[in-house]
Each structure stands twice: as C-alpha cells, then as structure tokens.
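Here is a short briefing on one chain. Look over the sequence and the structure first, then read the points below.

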Amino acid sequence: QTPVTAVNLTPPPPSADESSRAYAAQALGRIGPAAAVALSVLQQATLDPNEQVRQSAAAAVRQVQGTV
C-alpha cells in the first residue's frame, strides 16, 4: 500500500476547474486524518471563489481534523 505523503495528496492547482477542485477536497476528506499533510491547502480552499469548492474544503477540513 502506498504511504500517504504530501506529494500524492496535492490537490489540483487553482487554475483547475471548480468541479476538479471540489472533488479533490472531497477525496482528501474521505482519507481523513491521514491526509493531515494537505490540511493547509484545504484551509486555503475554504476561501475559494466557488461555493461548492468552499463547502467541500470546509467539510474535508473537519474530516481530516477528525471533528466530523
């Protein structure tokens, strides 16, 4: 099994379309606390101009922090 690292958890760049950014946040959230290396990126995504991305990122932050 591949270890979780920052390299394989990096979400798409802000230039990616909204659905790709939202999907990346959701995927990281499903990983949960093991995705903690991506927490700062997820927190930045909570400020995204797109509401779907912001909501997905906020939910992912809670899942990664284990507060869901």
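A residue counts as buried when its relative accessible area is under 20%, as exposed when that value is over 50%, and as partly exposed in between. Ser 56 has 9% relative accessibility, so this residue is buried. The model is a predicted one. The chain holds 3 helices and 0 strands. Read from the N terminus, the order of elements is α-α-α.

**Overall picture**

- The chain has 68 residues, and 32% of them count as buried.
- Take the contacts between residues at least 6 apart in sequence: 50% of them join residues at least 24 apart.

**Nonpolar core**

- The largest nonpolar core is made of 13 residues. Ala 25, Leu 28, Leu 42 and Val 64 have the most contacts inside it.
- At least two residues of this core come from each of helix 1 (18–31), helix 2 (39–45) and helix 3 (51–65).
- Helix 3 gives the most to this core, namely 5 residues.

**Helix 1 against helix 3**

- Two packed helices are described by the angle and the distance between their axes.
- The axes of helix 1 and helix 3 come within 8 Å. Their crossing angle is roughly 10°.
- Angles under 35 degrees count as roughly parallel. Helix 1 and helix 3 are therefore roughly parallel to each other.
- On the helix 1 side, the contact is made by Glu 18, Arg 21, Ala 22, Ala 25, Gln 26, Leu 28, Gly 29 and Arg 30.
- On the helix 3 side, Gln 52, Val 53, Ser 56, Ala 57, Ala 60, Gln 63 and Val 64 make the contact.

**Salt bridge**

- Side chains of opposite charge can pair when their charged atoms come close.
- How many salt bridges does the count come to? The count is 1 salt bridge.
- The partners are Arg 21 and Asp 48, whose side chains meet at 2.9 Å, N to O.
- Arg 21 belongs to helix 1 and Asp 48 to the loop between helix 2 and helix 3, so the pair ties together parts 27 residues apart in sequence.
- Arg 21 and Asp 48 are both buried.

- Ser 56 is a residue of helix 3.
- Which residues does Ser 56 contact, leaving aside neighbours within four places in sequence? The contacts are Ala 22, Ala 25 and Gln 26.
- Ala 60 also has its place in helix 3. Its relative accessible area is 0%, so Ala 60 is buried.
- Ala 60 touches Ala 25, Gly 29 and Leu 42, not counting residues up to four places away in sequence.
- Ala 60 and Ala 35 lie 25 residues apart in sequence, with their C-alpha atoms 9.5 Å apart in space.

- Ile 31 is part of helix 1. With 37% relative accessibility, Ile 31 counts as partly exposed.
- From Ile 31 to Ala 60 the C-alpha distance is 9.0 Å, across 29 residues of sequence.
- Where is Gly 32? Gly 32 sits in the loop between helix 1 and helix 2.
- Gly 32 contacts Gln 63 and Val 64, once neighbours within four places in sequence are left aside.
- The C-alpha atoms of Gly 32 and Arg 62 are 8.6 Å apart, while the two residues are 30 apart in sequence.

**Ser 40 in helix 2**

- Ser 40 lies in helix 2.
- Is Ser 40 buried or partly exposed? Ser 40 has a relative accessible area of 43%, so this residue is partly exposed.
- Ser 40 and Val 61 are 21 residues apart along the chain, and 9.0 Å separates their C-alpha atoms.

Methods: Residues numbered from 1 in each chain as written. Predicted model: local features only at pLDDT ≥ 70, side-chain atom pairs only at ≥ 80, totals over all residues. Heavy atoms only, no water. Core = buried A, V, L, I, M, F, W, Y, C linked by side-chain atoms within 4.5 Å. Buried < 20%, exposed > 50% of the residue type's maximum accessible area, 1.4 Å probe, protein only. Helix = DSSP H or I, 4+ residues; strand = E, 2+ residues; numbered from the N terminus. Salt bridge = Lys/Arg side-chain N within 4 Å of Asp/Glu carboxyl O. Contact = heavy atoms within 4.5 Å. Axes fitted to C-alpha atoms, helices over the stretch in contact; angles between N-to-C directions. Parallel < 35°, antiparallel > 145°, perpendicular 65-115°, else oblique.
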